[in-house]
Amino acid sequence: MDEKRDTTAPDQADAMQRISDTMTQQRLMMRRRIIGRIAIANVAPALEITHLDVLDVVHRAGENDRATIGSVADGMRIDPSRASRIVAELVSQNVLERRVCQNDARRSILVITPKGRALLNEVHAVKRRLLESVTENWSADDLDTFSRLYQRFVDGLEDYARDHAGEAAEIAPKARTAS
């Protein structure tokens with residue numbers, strides 16, 4: 001299953017082009033952030049899309065004192081000072097709260113409040129309704145197959161990004177100087 005494919009074969013090249021084109025299409029659609037905007041309008045109109053990103057990072061970090069300013073910065077790929085400012089906004093909106101880490105009193109742990117949990121639940125409900133609408137005519141087998149392949153694909157992208165993170169830093173300055 002891990003064998004390399006000959007991406008020069010016509011069928012493989014066509015498939016790779018379709019995947020590339022579809023990734024671009026999805027990226028452009030996701031930039032509009034429709035799901036998040038609907039959820040914010042329904043639950044917390046004072047919040048911004050970036051706030052949802054922070055909330056998602058904190059949620060994924062889970063319990064056990066893992067959600068910190070550092071984990072937010074890493075998860076969003078932003079500098080810690082920006083992460084700290086966004087977290088402060090969420091704390092002031094009563095979406096997150098800072099607690100003292102029980103293992104290290106110098107660290108602040110981020111915890112989702114009931115208002116933040118309601119917002120997350122609304123985001124998940126909006127997303128689920130959207131996905132159910134888009135896939136309503138799919139067979140159960142198609143949906144199961146797609147969900148497994150999509151998870152595998154995204155996991156592969158994350159693995160690649162993690163393994164090649166330094167390459168992006170090297171490419172970015174070259175691209176700026178070339179323009």
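**Legends to the close-up views**

**View A.** Asn94 is placed in the loop that runs between helix H5 and strand E1 (96-100), where helices (H or I, at least four residues) and strands (E, at least two) are DSSP runs numbered from the N terminus. The structure is a predicted model, in which local features need pLDDT of at least 70 and side-chain atom pairs count only at pLDDT 80 or more, whereas totals for chains, interfaces and linings use all residues. Residues are numbered from 1 along each chain as its sequence is written, and side-chain values use heavy atoms, with hydrogens and water left out. The phi of Asn94 is positive, near 65°, in a residue other than glycine. With a relative accessibility of 46%, Asn94 counts as partly exposed; buried means under 20% relative accessible area, exposed over 50%, and partly exposed in between (1.4 Å probe, protein chains only).

**View B.** Thr113, in the loop between strand E2 (108-112) and helix H6 (114-134), reaches the backbone oxygen of Asn94 with its side chain at 2.6 Å. A polar contact of this kind is a pair of N or O atoms within 3.5 Å; within protein, one must be able to donate a hydrogen and the other to accept it, and residues adjacent in sequence count only if both atoms are side-chain atoms. Thr113 is buried, its relative accessible area being 4%. Leaving aside residues up to four places away in sequence, Thr113 touches Asn94, Val95, Leu96 and Glu97, contact meaning heavy atoms within 4.5 Å.

**View C.** Helix H4 (residues 69-76) and helix H5 (residues 80-92) cross at roughly 110°, their axes coming within 8 Å. That crossing makes H4 roughly perpendicular to H5, and its hand is right-handed. Axes are lines fitted to C-alpha atoms, for helices over the stretch in contact, with angles running from 0 to 180 degrees between N-to-C directions; angles under 35 degrees count as roughly parallel, over 145 as roughly antiparallel, 65 to 115 as roughly perpendicular and the rest as oblique. A crossing is right-handed if the near helix is turned clockwise from the far one by less than a right angle, and left-handed if anticlockwise. On the H4 side the contact is made by Ile69, Val72, Ala73 and Met76, and on the H5 side by Pro80, Ala83, Ser84, Ile86 and Val87. In the loop between these two helices, H4 and H5, lies Arg77, which has a positive phi of about 60° although it is not a glycine and is exposed, with a relative accessible area of 70%.

**View D.** Helix H3 (residues 49-61) also meets H5, the two axes coming within 10 Å and crossing at roughly 95°. Thr50, His51 and Val54 of H3 make the contact with Arg82, Ile86, Val87, Glu89 and Leu90 of H5.

**View E.** Leu120, which is found in helix H6, is buried at 4% relative accessibility. Although Leu120 and Asp56 are 64 residues apart in sequence, their C-alpha atoms are 7.7 Å apart in space. Residues up to four places away in sequence not being counted, Leu120 touches Leu55, His59 and Ile112.

**View F.** The protein chain as a whole comprises eight helices and two strands, in the order α-α-α-α-α-β-β-α-α-α along the sequence. Of its 179 residues, 22% are buried.
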